[in-house]
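Subject: Structure handover

Hello,

Here is the structure I promised to pass on. Please look through it first, then read my notes below.

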Amino acid sequence: MSTPSEHAQLIEAALFISTSPKSAQTLAKKLNLSASEIQAGINMLRSQLTTRGIRLIQSSAGYELAVAPNLRQQIASISGDLAPTLSQSSLEVLTIIAYEGPCQKAVIDEIRATPSDNSLRALMSRDLIAQKKSHNNDGAMQYELTSFAWRCLGLAGRDALPPKPKTKTKDQHEAK
């Protein structure tokens, strides 16, 4: 019988050789483990990696390994993998999608009070966001951060974001 430690090793090896994020279901199927064995292995692996140079990242696409946030700058200078500079509007859109996503373009435009087409294209071209069909049957497209974006941010996913910034409402702006 295998142990959670052995499951963690197996998951780590599978993610190490993987070229894309893997869902827990995919890992279970490919590694011939139950959902509870995968979850125990993932929990152990995440715990083991907290003091290492890599971290277990979870996004809506699944799990993958990435450089620890505190080492990213040094590693980027070695690998030449420096993140491209983004415009202020692209950073705003990325932030909105990080906190609100997946969300539709109309929501992003409403929050920003300006069209976001150019920023959305720029972020998609850099593989920082992706489109997906809405869960409700209206056929609208939604935007979400990619696992690459979460890695660039040095975060394990939405749960690792700092608390959402307080913003002034439209009524508060008009009251001034």
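**Around Asp109**

Asp109 sits in helix α6. Helices (H or I, at least four residues) and strands (E, at least two) are DSSP runs, numbered from the N terminus. This is a predicted model: local features need pLDDT of at least 70, side-chain atom pairs count only at pLDDT 80 or more, and totals for chains, interfaces and linings use all residues. Residues are numbered from 1 along each chain as its sequence is written, and side-chain values use heavy atoms, with hydrogens and water left out.

Asp109 is buried, because its relative accessibility is 16%. Here buried means under 20% relative accessible area, exposed means over 50%, and partly exposed is in between (1.4 Å probe, protein chains only). Leaving out residues up to four places away in sequence, Asp109 touches Thr114, Pro115 and Ser116. Contact means heavy atoms within 4.5 Å.

**Salt bridges**

How many salt bridges does the count come to? The count is 6. A salt bridge is a side-chain nitrogen of Lys or Arg within 4 Å of a carboxyl oxygen of Asp or Glu.

One of them pairs Asp109 with Lys105, with the closest N and O atoms 2.3 Å apart. Both residues lie in helix α6, 4 residues apart, about one turn of the helix. Lys105 is partly exposed, at 25% relative accessibility.

Lys105 also meets Asp117 in a salt bridge (3.6 Å, N to O). Asp117 is in helix α7 and Lys105 in helix α6, so this pair ties together parts that are 12 residues apart in sequence. Asp117 is partly exposed, with a relative accessible area of 34%. Through shared partners, salt bridges join Lys105, Asp109 and Asp117 into one network.

Another salt bridge links Lys164 and Glu100, with the closest N and O atoms 2.2 Å apart. Lys164 lies in the loop between α8 (147-153) and α9 (170-175), and Glu100 in helix α5, so the pair ties together parts that are 64 residues apart in sequence. Glu100 is partly exposed, with a relative accessible area of 31%.

Ser116 is in the loop between α6 (105-112) and α7 (117-125). Is Ser116 buried or exposed? Ser116 is buried, because its relative accessible area is 1%. Its side chain makes a polar contact with the side chain of Arg112 (3.0 Å). A polar contact is a pair of N or O atoms within 3.5 Å; within protein, one must be able to donate a hydrogen and the other to accept it, and residues adjacent in sequence count only if both atoms are side-chain atoms. Neighbours within four places in sequence aside, Ser116 is in contact with Val93, Lys105, Ile108 and Asp109.

Ala113 is in the loop between α6 and α7 too. Ala113 is exposed, with a relative accessible area of 68%.

**Backbone points to check**

Most residues other than glycine have a negative phi, and most peptide bonds are trans. Ala113 is not a glycine, yet has a positive phi of about 60 degrees. Asn32 has a positive phi of about 60 degrees as well, and is not a glycine either. Asn32 lies in the loop between α2 (24-31) and α3 (35-48). At 69% relative accessibility, Asn32 is exposed.

The peptide bond from Gly101 to Pro102 is cis, with omega near -10 degrees. Pro102 is in the loop between α5 (88-100) and β3 (103-104).

**Cysteines**

The disulfide count is 0, where a disulfide is a pair of cysteine sulfur atoms within 2.5 Å. Cys103 is buried, at 4% relative accessibility. Cys152 is partly exposed, at 22%.

**The whole chain**

The protein chain has 9 helices and 5 strands. Along the sequence, the pattern reads α-α-α-β-β-α-α-β-α-α-β-β-α-α. Of its 176 residues, 34% count as buried. Among contacts between residues at least 6 apart in sequence, 50% join residues at least 24 apart.

Thr3 is in the segment before α1 (4-17). Thr3 and Gly41 are 38 residues apart in sequence and 8.6 Å apart in space, C-alpha to C-alpha.

Best wishes
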